[in-house]
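Please read it with the sequence and the model at hand.

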Amino acid sequence: MKYYVTRLFRSFLTLMIVITIVFLLMRMMPIEGYFGSGFDKLDAGQIEAKLKNLGLLDPLPVQLKNFYISLLKGDLGQSITYRPKVDNTKILGDKLITSLRFGVASLTLSLIVGLSLGILMARHKGKFWDKFGTCYVVGANAVPAVIYYLLIQVFFTDIFKLPLLFDKSVPKSWILPILCLSLVTTAYYAMWIRRYMVDELNKDYVRLARAKGLKSKEIMIRHVMRNAFVPMAQYLPASILYTVAGSIYVESLFSIPGTGGLLVTVIQRQDNTLVQALVLLYSSIGIVGLMLGDILMSAFDPRIKLSHEGGSR
Amino acid sequence: MTRKKIMNDINDNIDPSLFEFAEYDETKSELTGYSNYSFWKSTFQVFMKNKVAVALLILIVSVVLFTAIQPYLPNQKSPTQIYINPETGLQYRNIRPNDPSVSENFIFGTNSIGQDLWARIWSGTRTSLFIGVSVAIFEAIVGITIGALWGYVRKLDAVITEVYNVWDNIPTTVVLIILTYVMKPSISTIIFAMCMTGWLQMARFVRNLILIIRDREYNLASRCLGTPTSRIITKNLLPYLVSVIMLRMALAIPAAIGNEVFLSYIGMGLPIDIPSLGNLINEGRALMMDPNQRYQLFFPAAVISVVTISFYVIGNVFADSADPRNHV
């Protein structure tokens, strides 16, 4: 219990530090980012009035204080160039749901495929399936993701006559984005479940189970799988939440109206407040995901003492 | 009487050469209980057993050498010059590879404004490799220094661990995006942004290993026998660390190349007048829906795949073979 409290506190502290750093960094941006189109036409007085209106001429500590207060109210400011004068929270709200839908779908797919592939690899260690899986894992980890996303987009739309871009009303258009999203996580799960299972298979209790006369299938499912899954549990919440952030490529490639695609757009259009809001969203997602993962793992396996966690994995 | 005779006999039969100083021969002194084990030799032997890794090593070495000498070869075109058809006065736009209808020969064709793709790809590979290697070296220097301090100096342990926990909790993507968004786009910006997060992993691995190895019995024994610290570091610690350090460095290169592609993709990469693999992929992506223009995407994609997969595989295999536990 004490652990959970300290873990929660640490995450909160991290989040505060990140928010402060992000805020201070954004203040270093050129002021053009707060005006949108027509900046050149404004004279010095108008610029000053606008800046004053936004509270950007106050001393930094005051700005920081105001920023914290508005954050507590759940106010992330208003968009400037993307959809002028619209609250950022409102823009993000709809997008989050779309992203989360894709995230859950792709995670389900990659869990099923990844775990089965990993188990297959562990059972046939050194044989065809192991080699096949290793090639896949190496490819997915080494090559930058956008390259195979682009190749999938080019070839699969031709071969399988699938739509190129996402359209909410066309069910077929969900297939390619979900496939792309799940490729990397599938490799990740396959690699780790294989490694953990191979580790577990060399342990004494497996030998005992075999000596007792249990079938190899039974040993796999009832003993090895369960133990091997414990370390994986740590990454589950993080990967659910990361799909919201990690889909920057896929969402903009297939023009899915989610947060990842939005980030690319607003960076290109220099919408300072919206970039700030998105970065804050992503970092809080990451921090919360890691925290949930640690808590979940300690809940899964009571043997794990996390009193001195950090670094000694 | 007999005793005296015996003593005389002995005295007569003694070989005086036995009582001279022998010449010191290092190899002979170590004949007993000393194997001719050499860390680097064993590493090399284990590495050479993996045929795939050796093939990739040869491939990547030739690619790197080629990118280095390519500009000095005869008949190479400039990666940034826009080529103009002398007959029509127009730019050579989107000329397909080895197009026979064009008098000039473009090996990989040209891009949408008439620049030579062949020269651009090698120039881009140079840029990307430079970024990757710089990031890897910086990561190694900072990571090893901080990791060693973290592991050795007990007082620092708690402090650095706290800093690490906070820093490691921030998603890498966020750091990359925010730093490149705030700073001016350039090679140094990109390298700086990647270095900000990259060293963390290295420091953690080095720290953990030093923590484990430092107080092992064999190190204690070495210290008691008066082995100098430099020898303890080079002979007792370094062989264990080489594996991890090389792995992290080898993986840092494909990761840096991937990050560069990512940053270019979201519009935070290098300025377009500097050819880089990320910029080339972006140019190719813009034209990929036209089947005739897809070569502009495929050529850079192929080069990236070859480079990243090679570094990834070589790094992993080398790490395995540099691990003293895998030596005979």
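1. Basis of the model. The model is predicted: local features need pLDDT of at least 70, side-chain atom pairs count only at pLDDT 80 or more, and totals for chains, interfaces and linings use all residues. Residues are numbered from 1 along each chain as its sequence is written, while chains are lettered from A and ligands numbered from 1 in the order in which they are written.

2. The predictor assigns the complex an ipTM of 0.77 and a pTM of 0.80.

3. Confidence in chain A. The average pLDDT of chain A is 79, and 88% of the residues score at least 70. Within chain A, helix α10 (residues 236-246) has the lowest confidence, at a mean of 68, and α5(A) the highest, at 89. Residues 307-313 of chain A stay under 50, and the model has 11 contacts beyond four places in sequence for them. Two residues count as in contact if their C-beta atoms, placed from the backbone, lie within 7 Å.

4. Domains of chain A. An assignment, automatic or taken from a database, divides chain A into domain 1 (2-88) and domain 2 (90-270 + 288-300). The C-alpha centres of these two domains of chain A are 35 Å apart. Their contact takes 13 residues from domain 1 and 12 residues from domain 2. On the domain 1 side, helix α1 (residues 2-27) of chain A gives the largest share, 5 residues.

5. Contact between the chains. Chain A contributes 36 residues and chain B 37 residues. On the side of chain A, the helices that each supply at least two residues include α1, α5 (128-142), α6 (145-159) and α13 (272-300). That side of chain A has 26 nonpolar, 9 polar and 1 charged residues; Ala, Val, Leu, Ile, Met, Phe, Trp, Tyr, Cys and Pro count as nonpolar, Asp, Glu, Lys and Arg as charged, and the others, Gly among them, as polar.

6. A helix pair in chain A. Helix α4 (residues 88-123) and helix α7 (residues 175-201) of chain A pack at about 35°, their axes 6 Å apart. Axes are lines fitted to C-alpha atoms over the stretch in contact, and angles run from 0 to 180 degrees between N-to-C directions. The contact of α4(A) with α7(A) has 20 nonpolar, 7 polar and 1 charged residues.

7. In the model, residues 125-315 of chain B are 83% helix and 0% strand, with the end C-alpha atoms 19 Å apart. Among the spans that UniProt lists as "transmembrane region" in chain B are residues 129-152 and 297-319. Residues 129-152 of chain B are 100% helix, with end C-alpha atoms 33 Å apart.

How values were computed: Helices (H or I, at least four residues) and strands (E, at least two) are DSSP runs, numbered from the N terminus. pLDDT is the predictor's confidence in each residue, from 0 to 100. UniProt positions are given in the numbering used here, feature names are shortened, and annotations may be inferred rather than shown by experiment.
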